[in-house]
Each structure stands twice: as structure tokens, then as C-alpha cells.
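Dear colleague,

I am passing on to you the structure that we spoke about, and below it I have written down what was found in it. Please keep the model open while you read.

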Amino acid sequence: MSEFLDLEAQDGVRMTWNVFPGTKPDAAACVIPTAAIYTPLNPIPDMPLLPYAPLRCRMCRAVLSPFSVVDYTAKIWGCPFCFQRNHFPQHYFSISEENLPAELFPQYSTIEYAAVQETGPPMPPVFLFVVDTCMIEEEIGYLKSALAQAVELLPENALVGLITFGTFVQVHELGFGILPKSYVFKGMKEVTKEQILDQMGFFSGKKKPTVGVIAGSRDGLSSESISRFLLPASECEFVLNSVIEELQKDPWPVAVDLRASRCTGVALSVAAAILGVCVPGSGARIMAFVGGPSTEGPGAIVSKTLTEPIRSHKDLDKGSVPFFDKAVKFYEGLSKQLVHQGHVLDLFACALDQVGVAEMKVAIERTGGIVVLAESFGHAVFKDSLLRIFQSSEEDLGLCFNGIFEVNCSKDLKIQGIIGPCASLEKKGPLSSDTVVGQGSTTAWKMCGLDRKTSLCLIFDVARQGGPEALGPPASNQFYFQFLTYYQHYDGKMRLRVTTLSRRWVAGPGISEELTAGFDQETAAAVMSRLVSFKMENEADFDPIRWLDRSLIRLCSKFGDYQKENPSSFTLSPRLSIFPQFIFNLRRSQFVQVFNNSPDETAYFRMVLDRESVANAVVMIQPSLISYSFQSAGEPVLLDVTAIAADRILLLDSYFTVVVFHGTSIAQWRNAGYHNQPEHAAFAQLLKAPRDDADAITKERFPVPRLVICDQYGSQARFLLAKLNPSVTYNSVNPPPPGGDVIFTDDVSFEVFMDHLRRLAVQ
């Protein structure tokens, strides 16, 4: 496992198979797709930043890398992708084996260029706050104090704007400091860029151009008219704070049997139009703070009558969702507009009810937006997550903008698509596979927003057909990938990061051992979880449990060691041995079992899964469990109900929630106040250790997880019990040990699951 982690630290890439099956039939027999999870902005400590433009192949546009073949005497380099021979330009003429440029050093397989064609002065980031006012006073109070803190932390040069919405949409003119002034739009219908230009006085006293696109200060708008609505934070802090301070609950009366009239869709379309008019193509984020369901205009998810409930998973399955398809279509249109402009939509949804995350998912995911879901604007999950976006610390997100991601690979590989926060640029080429998964039919993707943790899942297709000449001599079995990420760094300047990798093919009989040696089971679990989530959303009548089970049985039949029809002889190589456990937990996870979750929660879990690294995805699939007792400081234990004991504290990390669980004896001693007595210092230390570890997890994670502190047999113990393997249930023959616990479920345990797997794999 450690060699895969070393490769990830060097290049930010992990692959399901680190040795690739050499032919299409071999790849199909491997069951788990050939895929990579790549973190484009993965922090790499000693990576050089080159102050000149990259050298590109004149045929395929690949960038010079350590895998290029260099002829030092003729000053020519050969491209490993298309084999084109390219002459070095004049400034490379002193190159020799002793005098290499950084991009040819073997250890710099990932490198960054700062001088990507000069694009003018660095652009400041733009933040447009879109704030819901249809909430109770208490919630508005929480939101106002969180926004005031965020405004203080904004970079001084960042441009900032404010829109509030309820029954109507109000665009606040922050540049008019004499008294509060805003433009009001009806919440019934979408607003176009043309209406924004006409109704918000962008050409007051001047003639509006009759031809050409009007967008930004380069194309027809004066910077004075833009700075009425988007001002540097340092100039408008006072005005902005006073507008936020005076925010009131939406004044329109709401009947007792009706929901508030909330036009979220129109507010977001106004925000997108303003950014499209004022700052097209520059790094900008719409940050929407929503406290309830949209009931008015396009993007509405439910009617105003309270007797009509908001759609559930059951309604979606039955197709009895009158608003859903229309709202999704509206947000698809909005996502296309935002991707075209290069802008991001972030959502902070804080309500006990659903707000429409499931409908907005397409716009948030395709623009690379951040999503945070909490119960209230006063909840630590929201407050801490919002501050983490703007705080500069070691754990900050490093928000970057306006990325374009491109892939180059050797000719026998094709790309089916990417599952993750990006949008296809529809640049179809010879590398695009006919099979499409996620954002496919392209070799270039737009990433409007990306940060240090953003990870993409690339699904490959082995195009080489089988046959006796499937592979040549071992030397020619190497093949190459190159990932190019062109993005606006958080300092405002454009950069290009280039990662070039080499792997090898194997084909023919007896390749199972070589394939197994290169199998990364953690990455395989992360890829399968993204795939199963994608299929559940996009394929009608898809049965996720059946698909996962069949995939696992086929994988174990191919790579397991066994005698036919003898289940007791079945063994798996250590490279594969944990994979069945991952699939068992994935089958029970919130990504597959949507029962007891709303469509909003499911959409939120899947969006976070689709943007996180392998290590984080594994924690979501199979939570980690650490046990603390007087005998041992924190030690990992099996995710099983037998881990519960009266004199133990358990720390469960399931990514979205962190649970500190006290056994009955520990809880009684704590309630008796023993930890406050000097002679019980060891007990005080025992209580403190899991809390410290929980705080450490919370500090480095985004979105900030919910912290649950509970006792055995308490109501919140369910957060732990739901994740444990039910090896002891209410109808087990053997009772639990004293102080242990049982789980009231009819789910099968991991042992039963493995027995069935062995029996089916050896058939």
C-alpha cells in the first residue's frame, strides 16, 4: 500500500490498476475499470515553479517531460505520445546531459509553469453573496454575524457584491454610500443579461452600443458602472456591514397554511447575469445562503401549500414529482451559463427542511462549487466551514478559479469521461471513447472552481484488441499519460501544472499475478463508489446492490486462489483481501442505501464524495474506529459491534460525523465527577484524549464534520450503531459479553457476507 501513497505524494495520482491489462478483453475480465483519481492542485513540497512558458510538441501539443527522448547533439526531443521529433528553440541550446532544464529532471514528473501567455494584470477574486431573508429572526441573526465575520476575512483587493431575496430579489448598490439603494426584480420569471443592462442603469447618460457583446470593462462597460455593484472589500466594508446589519425578515405576510414565497432560482439567475455582464471570464463565486425551499418562479421545488410535502426518494422513484424535472432543467441552463462565464456557484443550505440541493446539484457540481449542509445557520458545521473558506492558515482551501483540465495519453488508451466537479468542453478527439461515463466525449474540461483537495476520477478505456501480437518486446510495453491543468492561482496569476506518468501493459496467459501486484484496493473502492452513485442517478431501474455483488463475485473468481466447488479452500492475495470489506460497507453506506435520507442529503453526500481524494473517500465508505481504555491509548479496532465495552471510549470518524461514544461505566464515572478529582487524573486524561483527536480531525476537514458526543444506550448512540458490522444482533445465538451491545437489525453480518461470497466465487 505504501508505494501507492508515495506515488500520490509525488504526483497526486492513484490508479485502480498500476499495471494495465494489455487488451480490451483482458480489461473487461478485470471487472474493476482502469481508472485514476487525480488531485490537480495536490500540494507537492519541492515542486519547482518555472518562470517561462512550457515547450510543446508541434503535433499533439504535449508538454516536454522527463519521459521525452532527447538527442543532445542534434538538439531534438521526441514526444512519447505521438513520436514526433521537435527541435529545441534557441534558448535551450546550452542543453546537455550535465545541464538539464528542470522539466527533464526524472524526479519532477509534476511541475508548474508561471509564465503561461501573458494575460494582463492579475485579476482580483470576486465574491457575490446571495442571501435568503425568508427565515425566522433568530436564523437571520446567526447568518448576519457569520457574514460579518466573513466580510472581515475577505482579501482586501477582492471585489464583493450583495443580493438579498425573498418574494422579490434586491440587488444592493454598494457604490452608492450616501444611503441604502437597491434594484428590485420580481421573483416570478428569469432575468436575462439584456434586462440587467437596461434596468440597472449601466448606460445611464450614455449611448448603449448597438452591436457586439457587452460584457465587462473590455467590452463596452465603464469601470464606474461596474463598481456600483462590485467593489473592492477595503472600499465598501462599512457600507456592506451596515446593509448586512440592517437585514430584516422578508416583509411579505405569509398565511398560516402556506410556505414563505422564496424565489431562489431568480436570485441565482440575477447573480449569474450580473457577473456575466460585469466580470466575464474572471474568477468569481456566487455564494448562496439558503434557509428553505424555493416556492416561486423558475427552480421552485414545491408549491406554497404546506399540505403538499417536499419530494422524497419514493416520489422520485414513482415519478410523482411535478416540480423536479422543470427545476433540474432550469439549473442545467444556469450551469451552462456559469461554465461559459467561468464562474462558480457555492451553496450553504441551512434548514431543518430540504432546500433543493438535489435540483441544484448539476449547477454546483459542473462549476466546481462548494456545498455545505447544516440544520441551522447557528450550527458549528456552517459557521466553521464558512470561516475556513476565507481564513489563511496551513489548512486553508487555497481556492483557485477558471481552470481548464486536459488529458493526453498513448494511442491505445481512450478516455470514457470524468466523474467529478467539472464540465465537458466538448472537445472530441481521437482519445475520446465511444462509451461515455460522466462528463465524456471530450479530452478537455472546464473547472470553474478548484482547490487543493479537488479530485477528479478519470475512467479509461483500453482500445487495443486481443491477438498474438497484442504486446511487443518488454521495452515497448511502457505507455504514458499527461494531465494539464491551466488555472488562475489564488494570487490572481495564471499557471499551468503538468503531470506526466508512465505505466506498463501486460497481456496473455498468466498475467493475474502481475495485475494483482499493481492493484490498489482503496482506489478501486473509491472509483466503485463514484460509479455506483453515478449509475443510480442516471440509469433507470438500476439495482446497485446486485451490480456491486456481481462485480465482487467476478473479481474474486478471477483473482482468488481456490479449488473448484470447495469454498473452504478460497483465499485472496493481501493486495485484494480488504476489498470485499470495502464493498460490504459500501453496500450499507448512505451512497447506496437512500432510505432514511432525503434527496437533498443524498445529493450532498454524493457531491462531497465526487470531489474528495481516495483517503477521504475510504473514510466515507468504511469509517475508522479508535478505542481508548485504561489499558491502551487510542488504538484502531474493527468496525464491529463487539468493539463496544462498558469501560471503553470509542471514536468513530465517518467523514460527515465524528462520534465520541462512552461505554456505560465511563459515562457513570464521568457523571459522578471522578475526572475532577486529583487522584483520578488518569481518568480525566482518558476522557480528554478522544476529544483532542476529534478536534484534530475537525480542524483539517472541509466541510467541517458534525461532532456527536454520546453515551451507550443514549439516543445519539445510533450514529455509531448504524455504521458497525452487526455480528451480534437481537436474534444471535451467542449473547454479547457483559457491558457489550447488540444491534437491532436483520442486515447480514460481514461473516455471513463472506461465506456467501466464497460459495459463489468458487462455482
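**What was found**

Of the 763 residues of the protein, 57% count as buried, and please bear in mind throughout that this is a predicted model. In terms of secondary structure, the protein contains 21 helices and 28 strands.

As for the overall form, the C-alpha atoms fill a box of roughly 85 × 85 × 60 Å along the principal axes. The radius of gyration is 28 Å, which agrees with a compact globule, because a globule of 763 residues would have a value near 27 Å. Among the contacts with a separation of 6 or more, 72% are between residues 24 or more positions apart.

Turning to the inside, you will find that the largest nonpolar core has 113 residues, and that Ile196, Val270 and Phe579 are those with the most contacts inside it. Helix H7, which covers residues 264–278, gives the largest share of this core, namely eleven residues. If neighbours within four places in sequence are left aside, Val270 is in contact with Ile163, Val169, Val171, Phe185, Val191 and Ile196. Another core, of 39 residues, lies apart from the largest one, and among its members are Phe127, Leu154, Ala158 and Ile370.

With best wishes

Notes: Residues are numbered from 1 along each chain as its sequence is written. This is a predicted model: local features need pLDDT of at least 70, side-chain atom pairs count only at pLDDT 80 or more; totals for chains, interfaces and linings use all residues. Side-chain values use heavy atoms; hydrogens and water are left out. Helices (H or I, at least four residues) and strands (E, at least two) are DSSP runs, numbered from the N terminus. The radius of gyration is taken over C-alpha atoms; the globule rule is 2.2 Å times the number of residues to the power 0.38. Buried means under 20% relative accessible area, exposed over 50%, partly exposed in between (1.4 Å probe, protein chains only). Contact means heavy atoms within 4.5 Å. A nonpolar core is a set of buried Ala, Val, Leu, Ile, Met, Phe, Trp, Tyr and Cys residues joined through side-chain atoms within 4.5 Å.
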